[in-house]
Amino acid sequence: MRILNTIVLLVAALAVMGCSTISVNHVYDTQADFTVYKTYAWIEQPTMGVGSAETAQRMNTLVDKLVKNAVDTQLAAKGLTLVAENPDALLIYHTGIDQKIEVQEYGYSYPHYPYGGWYGGGYGGQSIDVYEYKEGTLIVDLIDAKTEQLVWRSTATKTLEETATMEQRQANVNEVVTKMFASYPPK
């Protein structure tokens, strides 16, 4: 029975990791005229950080390239052009990793009735599973270059697949960024 519970736990964990959904939220300045943003430039941020292993995971040139390529593709499809000088908008992104724990309780408990009588109130057949996983957050900010005010922010969260290949990571980033920019510019 213990082996069966372990197999069920493993299959459930793989299902949770493989089928994780992307949660996307947007906030924007309702007074901003998004039709004026035709060009953009990236705000450079440091790619080498000091601190924990999670900081090193978030701040590396490979992730930087994946995110920027995905955002550049989406903005090009929306008619915006990446420029080196005098952009209408500035872009910057932020990433984060959170350690998550999910606890699931399975089964029901029934009191035991040996020989037709009451036999305590034991809890047989009850199972509790604990899953640990990492959830990644990507935030993309669009800043008006003239006023230097934030005018649009999109935030996406998704369960990280730590053993993913580079091709899988690029596909994941592309999927996330596509959903982030699906409703840009705001109506």
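The model is predicted, so local features need pLDDT of at least 70 and side-chain atom pairs count only at pLDDT 80 or more, while totals for chains, interfaces and linings use all residues. Residues are numbered from 1 along each chain as its sequence is written, and side-chain values use heavy atoms, with hydrogens and water left out.

**Helix H3**
- H3 comprises residues 61–77, where helices (H or I, at least four residues) and strands (E, at least two) are DSSP runs numbered from the N terminus.
- The end C-alpha atoms of H3 lie 24 Å apart, which agrees with the 24 Å that its 17 residues should span at 1.5 Å a residue, the expected span being 1.5 Å times one less than the number of residues.
- After H3 comes Gly79, whose phi is positive, near 95 degrees.

**Burial and Lys68**
- The buried residues of H3 include Leu66, Val67, Lys68 and Val71; buried means under 20% relative accessible area, exposed over 50% and partly exposed in between (1.4 Å probe, protein chains only).
- Among the elements that cover these buried residues are strands E2 (39–42) and E3 (81–82) and helix H4 (166–180), contact meaning heavy atoms within 4.5 Å.
- Lys68 counts as buried because its relative accessible area is 13%, and Lys68 touches Trp42, Glu44 and Tyr93, not counting residues up to four places away in sequence.

**Ile128**
- Ile128 is found in strand E5 and counts as exposed because its relative accessibility is 54%.
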